[in-house]
Every structure is written in C-alpha cells, then in structure tokens.
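Here is a friendly walk through one protein model. Please keep the viewer open as you read, and turn to each residue as it comes up.

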Amino acid sequence: MSSVWGKILHDLRNPLFRQGYALMANTVVTGVLGMGYWLLAARLYSPEEFGRGQAVITAMRLFASLTALGFVGALARFLPVAGRRTPELALRGYGLAAATGGVAALGFLLTLPMWGKTYSVLSGFWPGLFFLASVLVWAVFTLQDVVLTGLRRATFVPLNNLVFGIVKMGLLVALAGALPSGGIFVSWVIPTALALIPVNWLIFAVVVPRHVEKSNAEQEPPRLREIGRFLAGDFPGTLSILGIVYLVPVVVATQVGEATFGRFSMAHTLASMIELLAMNMAVSLTVEGSFDRAKLAENCRRALRRAFMIVTPIIAVAILAAPLILTVFGSAFAAEGTTLLRLMSLAVLPRVLIEVYLSALRAQSRARTLATVQIGLAVLVLVSTVALFPYAGVNAVGYGLLFSELLVAVLIFGNLRKILKFGETRTPVVTQGSSGAA
C-alpha cells in the first residue's frame, strides 16, 4: 500500500499525471454526487417526472455543448501557448459557445411539437425562456473547466464540481414539495448559474494573469487564422462525437415513454462516467503535448498505461455488479438497464486507445485526420444504433458503441503504434503551424 501511495505522490510531480488525476478525481466526485442526486430524484419524484427531468437536462446539454465541447480540443491545444492572448481566446470561446448554443436551442423550441410528448413541458414563453437561459449558462459552465485545464489548473475543477453537486442535491430536496413538476430541472440549473461567478473570477483575476506573466515574452501567440484552421478540421469531428454523447439519448427519448427513458438514461449516465475517466487523461495529454512536443510519444505511453490501469478494474466491477448497482435506483432500472451498462462499460476499453490517439493528433495539429476518425466513429455508432433499435430496443445503443469503437480501434492501431514509438530513435519534427495542420 505504501509503495502505491509513493507512486501516486511521484506521479503528482508530473503535470501530465497531476492534470489527469485531477480530472479523474472530478469524474469520481461528479459520479458519486450524480448517483446521489438521481437516487434522491427517483425517491422524491414520480417515474414520469424523473424521466422528463432526465430528458430536458439531456436536451439542454446537447445544445449547450454544440460549440462548447467543440472548443475543448482547440482550447486544450492553444491556451497553453496563447501568452498575452489567453483572456481573449477564453472569452471568444465563451461567447461563441453561448451564441451558437442559444441559436440551436431557439430552433429546438420553435419546432417543439416535432420532438414528442416528453418535451411538451417546455412549451410556453416562460418555460422556453428558462430553457434558453439554461443553455447559455451550461455552455460557459462546460468551458470554464476546460480553461482551467488548459492553464494547468485542473486541480480546481473537482473542488468546483464538489460544491456544485452538494448545492444541487440540497436544492433538489428543497423543491420536491414546492415544485413537484420541473423541480429536477430547476435544481440543476440554478446552482450552475451561481457557480459561474466565483470560478470565472478565479480564472480571469488570478489564473490567467499568472499564466500570462510566466509565458515566454518572445513566443508568438497563435494567430486566429491558425486556430481557425485547426477548428475547421477538429470541430466537425467533435460535433460528430457529440452526436454519440447527447443526440443518441435525445433520439431515444422521442421513441420511448418517459419512465422507460428514465431507466435507460440512468444506465447510460453511469457508463458515460466510466468513459469520461478514459477521456480525462487524454485531455491532459493534449495540454502537455502542446507545452512540450518532444515528450509527446513518452507522454502517450504513460497516459495509456495509467488510463488502462485505472479504468480496467472499474469496468470489471461495472460488468459484474451492474444489476446490483442499478437495483439501488429500483428493480425496474436493473431489469431494463443491466445489458446496456455492461455493453457500454466494455466499449470503454477500445475507447481508451481512440482517445489517446485523438489527443496526440490534436497536440500535433493534425486536424484533418482528427475529423476523419471522429466522423467515421460517429457515423458507425449512429447507423448501427438506428439499424439495431427495432430488434434490441435501448440496448442497441450499447451494441452500436461496442461494435463501432472496436472497429475504429483496430483501424487506428497501426498509426497509434507509430506515435507511441516516435522519438525513440529520432526527435519529433512537427511544430506549431506545420504542414500537418489542416
């Protein structure tokens, strides 16, 4: 035990692991508090309201993330080297994410009858306005954690989400009697809006000035044109991946009843948290790869080893104990969600390889290859899910993910091996703005 603790302490001196562990800790905090939140919601609200709350929150996150998560790769890639343009880059990200998310949400509200009965709760001026505001808030909330990570301050992220999660649970309980219809969504949005104030004060009053001060004065910040070229390649691919994360559940919500969607969504949420653990180390890899290209291959090998070491036992537990985990929320959750949770958990293993490969490509600004891999994965998942849904129901999501991610992992494995071995016999030659950028 002491040797393990010693190894962890040694790892924390390495920015790659310190950032990665902080983001993984954030996922654990978010996951534990999230389970507590939804457990309380299942006990305090009706099955229909539980499913409706899940569906509305999923839709909000979909529209807020259309651009916000599309900027994750670009901010992780360019914030470390933005120098004096750091605050400008962060604020542009906030503004564009909020604006495009708001436009998409407005289009959703104007076509609400097309999205099924579940979303009829948003009809009317005030519910629609509240939903629109929530999309703007969530867009900024999503990116503020990315900004902290890009500036090597990911250790603040789990603390922020710990406070957010506790306040959210308290408000959920408080609104159970006063607002039995809509209380889940309101309890989610209000703490999110409140969290923006202290976190962004920390970013722009403390973290950003220190980062700018430490930046190399002779280093030329990335130009908007260079960032634009990167986004032109990375954003379409990232948008495709968002289709897997958020659009698939929204589509499922239009095909099944509210109570069924609530049970599907719980298994989907738990499996997505395990997948997020795999992605955390990959985001840290992009940041460190931008700071120091020469160590990219070494950091890729380290990230792969640590990611597999951490997620493999968690996946094993999820597969073996899936019925017990879901029974906590009710026997119906276990009956309808066990297979889905097992399939999605197993799919995380090939996803580790894919995410490390994508992060290495971002660090090298190889945006065209990024887009090809991401769009290909998204098309495979969406097509296989739709094709299997009439036969497997909600489990089609799990089968589609597992098949698609295994196939893509096999296809990219040869190129990933080249990246892992790069630098063993020669020095990397990819530099910022090289011809490898799209």
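## About the model

This is a predicted model, in which local features need pLDDT of at least 70 and side-chain atom pairs count only at pLDDT 80 or more, while totals for chains, interfaces and linings use all residues. Residues are numbered from 1 along each chain as its sequence is written, and side-chain values use heavy atoms, with hydrogens and water left out.

## Overall picture

The secondary structure comes to 15 helices and zero strands. Helices (H or I, at least four residues) and strands (E, at least two) are DSSP runs, numbered from the N terminus. Of the 438 residues in the protein, 54% are buried; buried means under 20% relative accessible area, exposed over 50%, and partly exposed in between, with a 1.4 Å probe and protein chains only.

The protein exposes about 18,500 Å², and carbon and sulfur atoms supply 69% of that area (Shrake-Rupley method, 1.4 Å probe; for residues, only the protein chains shown count as cover). Among contacts with a separation of 6 or more, 82% come from residues 24 or more positions apart, where contact means heavy atoms within 4.5 Å.

## Aromatic pairs

How many aromatic pairs does a search of the whole structure find? The search finds 20. Rings of Phe, Tyr and Trp (its six-membered ring) pair if their centres lie within 6.5 Å; planes under 30 degrees apart count as stacked, over 60 as edge-to-face and the rest as tilted. Tyr37 and Trp188 have ring centres 5.4 Å apart and planes at 80 degrees, so this pair is edge-to-face. The pair links distant parts of the chain, with Tyr37 in helix α2 (residues 15–44) and Trp188 in helix α8 (residues 183–214), 151 residues apart. Tyr37 and Trp188 are both buried.

Phe130 and Phe185 also form an edge-to-face pair, at 5.7 Å centre to centre and 85 degrees between the planes. Here too distant parts of the chain are linked: Phe130 belongs to helix α6 (residues 125–150) and Phe185 to helix α8, 55 residues apart. Phe130 counts as partly exposed at 28% relative accessibility, whereas Phe185 is buried at 9%.

## A ring cluster and a lysine

Ring pairs join Tyr37, Trp38, Phe50, Trp138, Phe141, Phe164, Trp188, Phe329 and Phe333 into a cluster. Lys168 lies over the face of Tyr37, 4.9 Å from the ring centre. The charged end of Lys168 also sits over the ring of Trp188, at 3.7 Å from its centre. For such a placement, NZ of Lys or CZ of Arg must be within 6 Å of the ring centre and within 35 degrees of the ring normal.

## Core and helices

The largest nonpolar core has 122 residues, and those with the most contacts inside it are Trp38, Met60, Phe108, Tyr119 and Phe131. Such a core is a set of buried Ala, Val, Leu, Ile, Met, Phe, Trp, Tyr and Cys residues joined through side-chain atoms within 4.5 Å. Leaving aside neighbours within four places in sequence, Phe108 is in contact with Ala59, Phe63, Trp115, Tyr119, Leu122 and Phe131.

Helix α5 (residues 86–110) has 25 residues and reaches 36 Å from first C-alpha to last, close to the 36 Å expected at 1.5 Å a residue; the expected span is 1.5 Å times one less than the number of residues. Buried residues in α5 include Gly93, Ala97, Gly101 and Phe108. Helix α13 (residues 348–363) has 16 residues and reaches 22 Å, close to the 22 Å expected. Because 15 of its 16 residues are buried, α13 is largely enclosed by the rest of the structure. After α13 comes Ser365, whose phi is positive, near 60 degrees.

Pro191 lies in helix α8 and counts as buried at 4% relative accessibility. Beyond residues up to four places away in sequence, Pro191 touches Phe164, Val167, Lys168, Leu171 and Val186.

Val397, found in helix α15, is buried with a relative accessible area of 3%. Its C-alpha is 7.9 Å from that of Val381, 16 residues apart along the chain. Asn395 lies in the loop between α14 (367–392) and α15 (396–421), and at 18% relative accessibility Asn395 counts as buried. Apart from neighbours within four places in sequence, Asn395 is in contact with Glu336, Thr339, Leu340 and Leu343.
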